[in-house]
Amino acid sequence: MEIKELVYKTRSYRRFHESYAVDRETLVALIDLARHSASGSNKQPLKFFLSYNPETNAVIFPNTRWAGYLEDWGGPALGERPSAYIVILGDTRISDSFGVDHGIAAQSIMLGATERGLGGCIIGSVQKVKLQRELALPEHYQILLVIALGKPNEKVVIEPVGEDGDIKYWRDENGIHHVPKRSLDELIIS
Ligand SMILES: Cc1cc2nc3c(=O)[nH]c(=O)nc-3n(C[C@H](O)[C@H](O)[C@H](O)COP(=O)(O)O)c2cc1C
């Protein structure tokens, strides 16, 4: 897949074929992409917690918040939830600030997932204190992001932002998820 196709296909998916298992080997390969990504001052302060079994997934899921703009939707139902998660952690023994490292790592992971026929969603809205306790993560780790992963079970299409400038994504009557993106003309200022 060329980079343009890979990036265009790398959408946020929030409904999955939950019975489709994502194995540890796949997650490790995705972390290897994160490992090769840029890191401020090359400190490489990120660590990763992998979840790929129903028991641990069931601990993580209730601590995540989904699609704030879809007010009538409570998040993925049983059977359409992610098959795996990567919890991105900052190791405070290495650094007390993590800059944008976790964003870069997250995108590398998302691109790798797309290449493998998977999809995911970067989740920043996480009950971090509760999740840290429930996963028994040592205090020196700081939860930064959760990436939900699985075999997508929804269609996502990109739309131009309309005249009204509304950037809220929406889901149509056929369950297709629409994501407005601003035009290049709007983004490039000179
Ligand atoms: C830092 C960050 C945090 C995000 N947090 C959430 C979240 O908590 N819940 C969610 O459903 N989506 C979350 N998203 C996904 C965005 O809503 C999504 O990227 C946006 O709607 C655009 O869709 P696209 O990724 O398909 O381009 C997050 C994305 C980023 C980059």
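Helix axes are taken here as lines fitted to C-alpha atoms over the stretch in contact, with angles running from 0 to 180 degrees between N-to-C directions. The model is predicted.

Two packed helices are described by the angle between their axes and the distance between the axes. Helix H2 spans residues 24-35, and helix H4 spans residues 101-115. Their axes come within 8 Å and cross at roughly 135 degrees. H2 is therefore oblique to H4. The crossing of H2 past H4 is right-handed.

The contact involves residues from both helices. H2 contributes Leu-30, Ile-31, Leu-33 and Ala-34. These meet Ala-105, Ser-108, Ile-109, Gly-112 and Ala-113 of H4. By class, seven residues in this contact are nonpolar and two are polar. None is charged.

The side chain of Arg-14 places an N or O atom 2.8 Å from an oxygen atom of the ligand.

Definitions and conventions
Residues numbered from 1 in each chain as written. Predicted model: local features only at pLDDT ≥ 70, side-chain atom pairs only at ≥ 80, totals over all residues. Heavy atoms only, no water. Helix = DSSP H or I, 4+ residues; strand = E, 2+ residues; numbered from the N terminus. Parallel < 35°, antiparallel > 145°, perpendicular 65-115°, else oblique. Left-handed = near helix turned anticlockwise from the far one by under 90°. Contact = heavy atoms within 4.5 Å. Nonpolar A, V, L, I, M, F, W, Y, C, P; charged D, E, K, R; others polar. Polar contact = N/O pair within 3.5 Å; in protein donor to acceptor, adjacent residues only side chain to side chain.
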